[in-house]
Structures are given as structure tokens and as C-alpha cells.
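Please read them with the structure open.

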Amino acid sequence: MAGHTRAFDWSTTPLGPSEAWPLPLRTAVEMMLASPMLATLAVGPERVFLYNDEAARHYGGSHPGVLGLPLAQAFAHEFADIAPFYDRVFGGESLHVPAQPLDPGRRGAAEVFDAYLTPVREVGGGVIAAHMTGFAVGERLQAEARLRASEERQAFLLRLSDALRPVGDPVEVQRIATRMLGQHLGATRVFYVAVGSDGDTADILHDYTDGVPSRVGRYSLQAFSSSALREWRAGRTASTDDVEDDTRYSRAEREAYASVSTRAGFGVPLIKEGRLVALLGVNQATPRHWSDDDIEITGDVAERTWTAVERARAETALRESEEERRSLITEMNEGFCILEVILNDNDRGVDYRFLETNPAFVRQGGFDPAGRLMSEIAPIEPVWPAAYGRVAATGVPERIVGGAAAFGRIYEVYAFRIGKSVDRRIAVFFTDITARTIAEERLRESEEQQRLTLQLVPAMLWSADPAGHLITADQRWKASTGLGDADVNDFGWLDAVHPDDREATQAAFAHAYATGEPIERQHRIHHVGDGYRWHLVRHVPVRDESGAITRWFGAAIDVHDLHELQDRQDVLVAELQHRTRNLIAVVKGIANDMMEETGPTDAFRAAFSDRLSALSRVQGLLSRAEAEPITIGNLLRLELDAVGATVSGARVTTEGPEVYLRPSTVQTLALALHELATNARKHGALSHEGGRLAVTWRKRAEAGECRLAIEWVETGLEQATERPALNRPGGGYGRELIEHALPHTLGARTSYALTASGVRCTIDLVARPGT
């Protein structure tokens, strides 16, 4: 839109020629055009309409027809709805209009915009325009991508301005500007053409080349393409993606371009006061499509180069010839004045008088201060007389950047002494850099916000070129993986991926680069000093307006702890399911055995309840087994306490080391101990005062296994007492459990005997390793 706006004949509108627009309006237009957001201006009582590239994208077929039209005509369908908002802004209000449905492109489907409207004021304070910034809901990522592109462009232009600022040689200015632009665009040739006052002489004093011949020399503009020359004289950019396929070029012109290794190129003209004064050309040795961004940034570089060349020429000419100085200063577009510095008793500058000014000074300042003291015009900013006093006293030129609060402007000034020190006269070139300073400050704020955002994101971040060869990783990636910038290019970053995951990861990224599909997957990444950790990896493309991928952005979030927690949860769920199935089988077996033994009687209910209580107790132990491993001593005491036995004293003794049990053995072993304890309480050693119970255990090693040997010995029964639960024909449930279930389910070796003095039982089974 910058090109459309500059080429538009504004003299046909109520605004008049753009050269006559007031400075606040020109500044607002430049800021609006440079904005990456959807931005427009409605100027004057007629609300004459201007807009930027992002707005043009939304206007569809209405673009560029609505440029320069009054709002009422440009948006006849919507005007009744939006006119009240603009009336309020022209009344001095700033508005936020949320969720405003509009169909500016006449596509038949309204988009929803958040709009911010602010007044643009002239120097006197009156509102001359309404500035609107709009955000289309649902396209925030595209807006952010354009913002990044704009920030990159502004950052490049800032570096260019910094590089050109101290240069005083016009040829050196061209050398720096063409080199920086050529490297930024990846072009094979960039050249700056200064057009003579005859409108035909074209001088190329320096150019940037990369593998192609230089075109430094003097030419006639007629030597360039006739179609391109027509465009340049009209103030329009002329471009071609491939000279060989472009019918606008004659055979002779194609051969001429081939002789200087040029297949594609464009030229941005500079029109000053209606005359072609310069152009900045960009060439490519191979066919190439030139984007709007390429052309727009070249236009910005052309303007800065022309300004820097003009300034350098003016400074050089001023020092070489007073007569030439006067002529040049009168015609130049940069402000110039000659000052007489007023010193105090300490020979420090306190004020200054304007002795002479050029027309550009008067145009930019809006008045002619010749003959007047600065203190008579406005309050003095101390920085200016102090600097001017130093220059007048020492003769050392200074370049100063400072503000003029009275005018709300920021200036860049180059001051040097003329005449003798006693004359206290200095010459000053100045440039209004208010808009540029605001843009640079916003860029710095944006970069700082982006830096802080990246620090707050708990992820390793990177970006890649469209093919994935050139990688830029953030500091968190470098510190975590130990891989530097040179290590990650050309898939070198795969060295940080776990060998078992590497092949699948490489295949996934290769597929993404080939198809443009985003990636979301998990794999392990090596961390210095912490081994391999699981990460959730996302890798998404960024596309331009044509849909082509310009960059890839990726992030890796550490999910290792979550991964381990999920694995542990899976194990616990499987263990729970297994134990539940086993428990149901045990309960079913107990019920069946007892039903056969007692039938559906009160005895069945009591015995069944006791055994369920035993199962409940052991399940309580198992539920805490992760934090409190189960030992044979704890399990034995639990069952003895359940039947009311006293574990201390002479009747009941237990002895043995702390031996941890496998969780898989606890349930069956607990039931066996329960049966022994219950029968001892009802019929055995614990049923009368003379009985004694001794339970001992020990651990031993056998065939590389840790085994636990338990011995249950009852004494004091000199007359054998029949025990229905253990000694009936075929054995009771408890004996069945000891002699058959333990060997079958736990691989235990058991024995059971009822002697004249009491029961003697041994159980030998595998214990938990490490105990």
C-alpha cells in the first residue's frame, strides 16, 4: 500500500497534493502504512479514506478502489453504523469498539473486528483525522507473524540508519546501503542510481555484487528497459520475475540483461518535487518472485539512502565552498540554519540566535525564526545551548539527538563551527526523527516483551528454515542439551534424541518438511547431567499470504515426571485388577469349602465372617505396602492379636528377624496363619491354661534365592484333642490351605502334624529380595 499511496494523485481529493499535507498527517500516514495491524485513516471533514496492506487484504475486490474516497462513498452499506464512532473521534474521543461485524470485502460473510479509534491532532490541537487499528478475530496468529516480519524489517532499517548516521562520504553511504540490502534480500546485485538534473544521466558510483559483474559507471537511462523506464518516471516500481519469460522485454533487452547475469529484478524510483532523482535497483542471476515485503523494504532503504547521500553531499559541499553551500542549502530538503551562540560568564552556552535558515527549515518548523533568540520563541531545552556552546568553543563537530518539548518533536542534529571561535557561529543540519524514534522505541519494547515471554515459557524453543537445515535454538535448549549453534544444523540436533527414538523422530520431521504438516509427538531428549527425559514436542509451520512456508517454530515441554507417573499408574491399575480377581477367587473358594464343611448354618456365618475379617486385615496391609513394606513379624502379630492371643509372656512367644514378604504371597500366607491361630484358640494350645505356642522363623539362601522358613509349634496338649477344622477325614479348610494351596500358589514347602503334645507346622517359601 505504500506504493499505491505514494503513486495516488491526491490532488484530485479534498486533501490536495501529499507534499502539502501537514507534518502530523504525514507522520500518521507513514505510521499507518508501516503498521503490521489492520490500520486506516479517515481524514478531514469528508473522512477521506487511507489504509495499509493488512486492511487491503480484508477489503478484497473493494481494493484499491476505496483509496482516497470519502467513508460515506467507500463503505455505503456500513456508513450508517460506523459514522457515529467517527463523529465521536473527531470530537476528541478515543474509542474501543469490540466485536464489530463487517464485510468490507463484499464476500457475503461478515468478519468480526475489535477496533481501536484514536484522534490525530494537528499542531494546534484540532483533530484532523481518525486513526483506526482493527483486529480480525481468528487471525491472531497471522497478525503476529506479520508483526514479527514488520519488527524484523524495522530492526533492519534501524541497523541501516545506525550504520549510515556517522558516514560523511556519499559513495560510502551507497556502498553500505547496497551491501546491507543485498545481504538482507539474498540478492546477487544491488545498485543505487543517481539521476542527473537532465533527467537522463544515470550514475552508479558503487554497487553490491555476489558472483555477478559490477555495473558501476555512467549510463543513459535509455540503456535500461523502456517499459521499466516508463514505470519509474511515473513513480512506480518496475519488476520482473524472469526476463526470459516477460513479453515486455525485447530480444535485445533480454540479451543485454543476460550479458550482466540478470534474470530477475526490480527498481524502486525516488520522485522528488515531481522529478525522478534516483532509483534503487535489485537483481537476481536466476528467476525469482519478488514479494511485496521485498519491494517495500527496498523503498524504505531507497529513501534512507537518498537522505543520507543528500546529507553527506551537503555536509561535504558546505565545508568546500560557501557559494555552493548557499545554493545547496536553499534547495535541499534537510533543515539547515546558522546560529550565533550566546555564552554566559563561564563561557557556557545558554541561548542562541537564528541568523539564517533554509526553506526546508521553515517548512518543517512552520515559521521563520531568522533574527530571533530561541528563548523568545519557546522554552529552551538545556541540551541544545550546552552542545552548541561546546561546538563554538572547541571547533569539534557534534552529532546530537534530543527533544524539543515545546514542539513535541525529536531531532537529530549535526553541528559544526563556521568562522573563528570568537564569532561563536555554528552551522546546523537537522532532521525530524520523531516518527522514527517512536517506531524504534516500540520495536525495543516489543523485543523486550518477546524476550520476557520466551523466558516465562517452560519449554525449549527453536525455529528452522522451510527445509529444516538451518536451526536457531534458544538458550534453554543449548544449556539443557549441551549443543551449540553449529551442532544443531542439518539435523545435528538429533544427537540429543534418545537412540531408540532417533529414527522415528527423524522420519516424523522429514515427513513434516515434505508435506507441511505440523508435528506433535513425544520422545526422549538428553539433558546434561540428568540423562534422557521425555518431552512433548510440537513443530508448526508459519506461512506467508500465498500459503508458502517461511519458517518453522518448535517447542519441547518436559513431561518426564508425568510420563513416569502414568507408567506407575498403569502398573498400579494392573496390580489392583490382578489382586481383585485373586481376592474374588479366594472369597469364592472359602465360601464353597465352608459350605461343604458346615452347610448354610450359623457356624457357616461365623466362620465365614472370621475369614473375611482376615482378608480385610491383609488388604489393609497391602494397601500400605508401598510405603510400609510387610514383614512376617507384623503379619503374625496381626493374626495372633485378632484371636486375642498375648504375644508377650510365657504362653505365646515369637522370634525371628525382620523379613519382608512379597505382596503376592501375603494374602494366602495370612489366611494360613489365620487358620492356625483360630484353631489354636478354639481347640489347641490357646484353648486352656496349660498350652504353649512358639512361632519362630529364619531366612536362608537357596539356589540364589532368599527363603523364609516358619515353624509353628504348639505344646501342652498331652491328650490329643480332635480338631474338626484341621483333623477331619481329608482335612479341613485350614489344612487344605496349608498342605495344598500354599505349595500350589506360592511354591512353598509345608508340613503339618498333630502330635500328642500339640500341632507342629512348617512353611518354607520365597521371601522378598533384599531382606
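1. Accessibility terms come first. Buried means under 20% relative accessible area, exposed means over 50%, and partly exposed lies in between, with a 1.4 Å probe and protein chains only. By that scale Glu273 is exposed, because its relative accessible area is 69%. The model is predicted: local features need pLDDT of at least 70, side-chain atom pairs count only at pLDDT 80 or more, and totals for chains, interfaces and linings use all residues. Residues are numbered from 1 along each chain as its sequence is written, and side-chain values use heavy atoms, with hydrogens and water left out.

2. Overall make-up. The protein has 24 helices and 27 strands; these are DSSP runs, numbered from the N terminus, with helices (H or I) of at least four residues and strands (E) of at least two. Of the 771 residues, 45% are buried. Taking contacts with a separation of 6 or more, 55% are between residues 24 or more positions apart, where contact means heavy atoms within 4.5 Å.

3. Backbone points to check. Glu273 has a positive phi, near 55°, and is a residue other than glycine. Glu273 is found in the loop between E11 and strand E12 (275-284). Ser261, also not a glycine, has a positive phi of about 60°. The loop that holds Ser261 runs between helix H9 (251-259) and strand E11 (264-272). Ser261 counts as partly exposed because its relative accessibility is 29%. The peptide bond from His63 to Pro64 is cis, with omega near 0°, and Pro64 is found in the loop between helix H3 (53-59) and helix H4 (71-74).

4. Aromatic pairs. The whole structure has 26 of them. Rings of Phe, Tyr and Trp (its six-membered ring) pair if their centres lie within 6.5 Å; planes under 30 degrees apart count as stacked, over 60 as edge-to-face and the rest as tilted. Tyr219 and Phe224 form an edge-to-face pair, 6.4 Å centre to centre with 65° between the planes.

5. Phe336 is in strand E13 (residues 335-343) and Phe429 is in strand E17 (residues 425-432); the two residues are 93 residues apart, and the pair links distant parts of the chain. Both Phe336 and Phe429 are buried. Separately, Tyr352, Phe354, Phe361, Trp384, Tyr388, Tyr411 and Phe430 form one aromatic cluster.

6. Charges over rings. A charge sits over a ring if NZ of Lys or CZ of Arg is within 6 Å of the ring centre and within 35 degrees of the ring normal. The charged end of Arg215 sits over the ring of Tyr219, 5.5 Å from its centre. The charged end of Lys272 is placed over the ring of Trp306, 4.7 Å from its centre.

7. The five-stranded sheet. This open sheet has the order E14-E13-E17-E16-E15, with antiparallel pairing. Strand E14 (349-357) and strand E15 (398-404) are the edge strands, each pairing on one side only. From one strand to the next the twist averages 35°. Two strands pair if DSSP finds at least two bridges between them; six bridges join E13 to E17, which run antiparallel. Gly335 stands opposite Phe430 in E17. Helix H14 (residues 383-394) packs on the sheet, touching E13, E14, E15, strand E16 (409-417) and E17, and its direction makes about 15° with that of E16. Axes are lines fitted to C-alpha atoms, for helices over the stretch in contact, and angles run from 0 to 180 degrees between N-to-C directions.

8. Strand E23 (residues 652-655) and strand E24 (residues 692-702) pair in the parallel sense over four bridges, and the bridge partner of Val652 in E24 is Leu693. From E23 the chain crosses through helix H22 (residues 663-682) to E24, a left-handed β-α-β crossover. A crossover is right-handed if, with the strands pointing away from the viewer, the path from the first strand over the helix to the second runs clockwise. E24 also pairs with strand E25 (residues 705-715), in the antiparallel sense over 11 bridges. Two residues lie between E24 and E25 in this hairpin, and Ala703 in the turn has a positive phi of about 55°.
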